[in-house]
Amino acid sequence: QKFAESCAVDVVYEDCYEPQPIVGRSAVLDYLRAKILTRVGGSESSDKDAGFRVDKISDGSKACGFAWTWTSNNLEGLRGTTFVELNDSNQIQYVREIPEPLYKPGDLILDVLKTVTADATPKPPPEYTPRTPTKANEIAKYLFNDVQGSSPDEAMRFFSPDIIYRDFNYEEVLRGKAEVRKFIEDFSFPGITFA
């Protein structure tokens, strides 16, 4: 209820498990109530210990992202990431929720992408002007919009030596620059751009 009250009347809520966005405050409230009831076993009194833990959160003022875990008693369940954006009245205008897949294909996804791109003609790496942004949102834009597909070396200089990188297609997190670099190189396919 409190979440819905913080939303704009015409809020757009994209749950990546759903085929279409949920639009409007009342529709979002109904959707979230149904979703919570499903997770706690079908009735509002089923599991009072079920909850939603925020694991990490960015520090944006008009928009932010956060990583979360669904919990019940001492158990941890589904994880995901959510992006939230406010309008000029500081109401929630847009939400995109990205839950982890229930099945983690791991390296099988590499095999699928290799098959899909087997006949693709590689394009020359995109040209970019090297720069050193200092804010998290600027670094993300630089890496995904400018550098992606060109230079793993340029991307790697922004990662801490003890980076912990989670891709929801894998059970285990990647630890350290060597594992992250290999991941970036493994997922460089002609004709595919990750957004």
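Val54 is partly exposed, at 42% relative accessibility (buried means under 20% relative accessible area, exposed over 50%, partly exposed in between, with a 1.4 Å probe and protein chains only). Val54 sits in strand β3, residues 50–57 (strands, E, of at least two residues and helices, H or I, of at least four are DSSP runs, numbered from the N terminus). This is a predicted model, in which local features need pLDDT of at least 70 and side-chain atom pairs count only at pLDDT 80 or more, while totals for chains, interfaces and linings use all residues. Residues are numbered from 1 along each chain as its sequence is written, and side-chain values use heavy atoms, with hydrogens and water left out.

**Around Val54**

- Phe52, Val54 and Ile57 make a nonpolar surface patch of about 290 Å².
- Patches are made of residues with over 30% relative accessible area and no salt bridge, joining like charges within 9 Å and nonpolar side chains (Val, Leu, Ile, Met, Phe, Trp, Tyr) within 5 Å.
- A salt bridge is a side-chain nitrogen of Lys or Arg within 4 Å of a carboxyl oxygen of Asp or Glu.
- Accessible areas come from the Shrake-Rupley method with a 1.4 Å probe, and for residues only the protein chains shown count as cover.
- Val54 and Ala67 are 13 residues apart along the chain, and 6.0 Å separates their C-alpha atoms.

**Strand pairing**

- Strand β4 (residues 63–72) and strand β5 (residues 75–86) are antiparallel and share nine bridges; two strands pair if DSSP finds at least two bridges between them.
- Ala63 has Glu85 in β5 as its bridge partner.
- The hairpin of β4 and β5 has two residues between the strands, and Asn73 there takes a positive phi near 55°.
- β5 also runs antiparallel to strand β6 (residues 92–99), joined by seven bridges.
- Val84 has Val95 in β6 as its bridge partner.
- In the hairpin of β5 and β6, five residues lie between the strands, and Asn90 has a positive phi near 60°.
- Thr81 belongs to strand β5 and is partly exposed at 31% relative accessibility.
- The C-alpha atoms of Thr81 and Ile98 are 5.2 Å apart, although 17 residues separate the two along the chain.

**Aromatic rings**

- The model has ten aromatic pairs; rings of Phe, Tyr and Trp (its six-membered ring) pair if their centres lie within 6.5 Å, and planes under 30 degrees apart count as stacked, over 60 as edge-to-face and the rest as tilted.
- Phe3 and Tyr13 form an edge-to-face pair, with 6.4 Å centre to centre and 85° between the planes.
- Phe3 lies in helix α1 (residues 2–5) and Tyr13 in strand β1 (residues 7–15), so this pair ties together parts ten residues apart in sequence.
- Phe3 is partly exposed, with a relative accessible area of 30%, whereas Tyr13 is buried at 5% relative accessibility.
- One aromatic cluster is formed by Tyr165, Tyr170, Phe183 and Phe187.

- Asp15 is in strand β1 and is buried, with a relative accessible area of 3%.
- The side chains of Asp15 and Lys35 are joined by a polar contact of 2.6 Å.
- A polar contact is a pair of N or O atoms within 3.5 Å; within protein, one must be able to donate a hydrogen and the other to accept it, and residues adjacent in sequence count only if both atoms are side-chain atoms.
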